[in-house]
Amino acid sequence: MWMWQAIGQGILGQRGALMPWSPVMLALGVGGYFALRQEPPVWALIALAGCAVAAFLAAWKAGPLLGPGLLAAGLVAAGVALAGARAQAVAAPVLDFRYYGPIEGRVVGMDRSASGALRLTLDRVRLHRVREVPARVRISLHGPPGAVPRPGLRVMTTGHLSPPQGPVEPGGFDFRRHAWFLGIGAVGYARVPLVVSAQPDGGQPVFALRMRLSRAVQAALPGEVGAFAAAITTGDRSGMGEATKQALRDTNLAHLLAISGLHMGLLASFVFGAVRLALAAVPVVALRVPGRKIAALAALVAAAGYLALSGGNVATERAFVMVAVALTAVLFDRRAISLRAVAVAAMIVLILRPEALLGPGFQMSFAATAALVAVFSRLRGAPQMMPRWLWPVVAVMLSSAVAGLATAPVAAAHFNRIAQWGLLANLTTVPLMGLVVMPAAVVAACLAPFGLEAPALWVLGRGLAWVLTVAHEVAGWDGALRHVVAPGALVLPLMALGGLFAMLWRGRVAMLGAGPVLAALALWSTAERPAILIAESGGLVGLTGESGRALSRARGSGFVARVWLENDGDGADQAGAALRWPEVDGGLASAPMPGGGTLWHVAGQRGRASFPGCRSSDLAVFNTPGLHPGACLAFTPETLRQSGALAVTFSEGAPQVRTVADQSGRRLWTP
């Protein structure tokens with residue numbers, strides 16, 4: 001009874017007030033929707049929404065025994081309904097075949113692909129003889145220079161398009177789902193120059209302003225420093241080199257590149273402090289106006305402007321919501337920084353964009369924020385226990401350590417790497433971002449209309465140059481990066497459950513949160529990778545061995561190879577992993593399997609010509625259509641098109657096959 005009442009107080013509080021556990025229940029519903037193997041019908045979503053409303057109304061009147069359960073059930077049902085409604089609302093045509101021909105559309109996004117090529121997102125798309133044209137397509141430009149793309153410009157090229165790619169292995173990241181919520185119905189590339197078909201129609205004013213500001217910043221600060229400055233002020237990363245971005249990732253400084261909670265918080269804090277100080281400097285004004293509330297309102301306006309200027313991507317929207325909740329609390333004389341405020345921000349983000357729950361940005365930002373609030377709320381008396389000058393130094397070091405520890409498991413799980421020197425890199429750069437870079441950016445923005453921004457931009461450039469120097473230096477140290485194997489599906493949820501329990505409950509009971517965390521670490525340490533991985537195209541096969549995963553080809557399917565090796569916790573590149581394959585003869589690769597028999601990879605007509613056939617104990621993979629000789633278990637382009645990528649494990653010598661199709665089920669975003 002006492003435990004149930006304690007949980008009820010944790011969820012409901014007084015008279016059903018929102019408490020930190022509420023977004024957890026909503027997240028359970030959202031996660032449950034995405035875990036389904038079959039898309040729920042619309043009528044079921046409507047019924048769940050009705051059940052959620054009924055549960056909320058009943059929980060308001062119920063006592064401490066029934067109230068918590070009713071509210072929890074209502075939030076879970078609401079999470080499923082919200083996620084389903086969002087998926088239905090963003091529905092748009094998806095290309096269901098490989099297309100080659102003319103591509104025309106309006107430029108609404110510009111960035112860089114993993115290979116460094118300029119990548120455009122187009123809407124108002126036209127394709128030759130295609131009945132259901134995607135609302136948006138994304139193409140990488142690999143050809144000779146053509147027209148310079150600009151926001152709102154209508155362009156045309158000839159290129160290849162295909163449906164968004166599914167997971168490269170069962171249980172892997174599903175880009176099809178990601179593209180579905182972005183409204184992208186096809187991706188591809190072009191090798192011919194871009195041409196202009198129509199001038200901008202004025203329909204992208206904010207995007208055009210962002211690009212003008214980005215060009216102005218990069219003109220004033222040339223090189224990688226200017227590209228970095230453009231990225232943190234306008235969200236335009238297209239000018240940054242891949243080597244710089246890799247150095248930032250390898251030192252756990254990539255969060256400085258994204259316009260997220262750190263930048264939004266620093267900007268709002270600087271504006272809030274500057275306005276409040278200016279009002280307090282005039283005694284007549286300070287005595288007659290609520291300076292704290294005026295400063296909060298000014299900071300809220302500045303944060304909203306920053307949101308619009310940066311392009312309003314998901315990470316920035318999430319950061320703005322968190323800052324806006326804190327500033328609104330100031331306006332209503334409530335505590336600005338509390339776990340309740342974090343809960344409100346999480347609820348708003350999940351309601352607006354339920355799909356954000358699955359992304360590393362949402363998980364890392366709220367993990368860091370909740371951990372910082374929980375730790376510093378327990379250290380309110382610490383500043384009085386040490387010299388006044390020492391506490392700011394301790395606070396900076398402690399905040400970096402806490403945020404790093406809270407986000408490290410999430411980053412390692414999603415990106416399969418741990419920056420060994422990441423804490424040191426953050427300690428030597430993050431304070432500079434708050435004391436120099438963001439204030440200089442605000443001053444430059446204020447002085448730009450008068451043409452006096454040059455000194456502030458110079459200061460901004462010096463601060464960012466130091467960040468890049470640290471990133472490149474630390475990334476070059478021995479052991480700077482450690483690769484880790486991908487965890488199982490239960491690892492992160494268990495860690496989140498344990499961490500939340502430890503943060504939200506006080507006293508000795510909070511120590512129970514260590515149980516799920518230790519269980520998650522144990523599961524992670526025993527994670528096993530599939531013995532054989534087969535790409536959806538049939539163009540690549542990976543086989544585990546004593547020295548790591550061996551790949552059947554040294555070139556081709558580079559993205560698939562990179563993800564496989566990263567998920568293995570293997571730092572080798574594709575060429576190095578291909579040297580592990582025992583025998584390759586032209587288009588024919590063979591290797592002994594763990595369960596006995598031979599694994600064959602038959603590539604191209606040359607491989608088919610030299611393929612000797614196979615026995616019933618063998619496994620063969622073909623990347624060209626047609627009948628295969630032999631009586632073995634075989635996978636052809638026809639079967640792989642239906643199943644997607646494959647993972648094969650062995651149980652008592654018998655192969656056990658898992659497919660992407662079985663894992664993903666029949667959802668709106670699956671073919």
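## Burial and overall dimensions

Of the 671 residues in the chain, 46% are buried, where buried means under 20% relative accessible area, exposed means over 50% and partly exposed covers what lies in between (1.4 Å probe, protein chains only). The structure is a predicted model, in which local features need pLDDT of at least 70 and side-chain atom pairs count only at pLDDT 80 or more, while totals for chains, interfaces and linings use all residues. Residues are numbered from 1 along each chain as its sequence is written, and side-chain values use heavy atoms, with hydrogens and water left out.

A compact globule of 671 residues would have a radius of gyration near 26 Å, and the 27 Å of the chain agrees with this; the radius is taken over C-alpha atoms, and the globule rule is 2.2 Å times the number of residues to the power 0.38. Along the principal axes, the C-alpha atoms fill a box of roughly 95 × 65 × 55 Å. Among contacts with a separation of 6 or more, 63% come from residues 24 or more positions apart, a contact being heavy atoms within 4.5 Å.

The chain has 25 helices and 18 strands, which are DSSP runs numbered from the N terminus (helices H or I, at least four residues; strands E, at least two).

In helix α21 (residues 558-567), the buried residues are Val560, Ala561, Val563, Trp564, Leu565 and Asn567. They pack against β9 (532-534), β10 (541-545), β11 (548-551) and α22 (574-578). Just after α21, Gly569 takes a positive phi of about 75°.

## An aromatic cluster

Rings of Phe, Tyr and Trp (its six-membered ring) pair if their centres lie within 6.5 Å, and planes under 30 degrees apart count as stacked, over 60 as edge-to-face and the rest as tilted. By this rule the count is 9 aromatic pairs. One of them joins Tyr33 and Phe34 edge-to-face, with 5.1 Å from centre to centre and 75° between the planes. Tyr33 is buried at a relative accessible area of 0%, and Phe34 also counts as buried, at 9%.

The ring centres of Phe181 and Trp669 are 6.0 Å apart with the planes at 45°, so this pair is tilted. The pair links distant parts of the chain, since Phe181 lies in helix α5 (residues 175-182) and Trp669 in the segment after α25 (660-664), 488 residues apart. Both Phe181 and Trp669 are buried, and ring pairs link Tyr33, Phe34, Phe181 and Trp669 into a cluster.

## Pro655 in strand β18

Pro655 is found in strand β18 (residues 654-659) and is partly exposed, with a relative accessible area of 38%. Leaving aside residues up to four places away in sequence, Pro655 touches Val648, Thr649 and Phe650.
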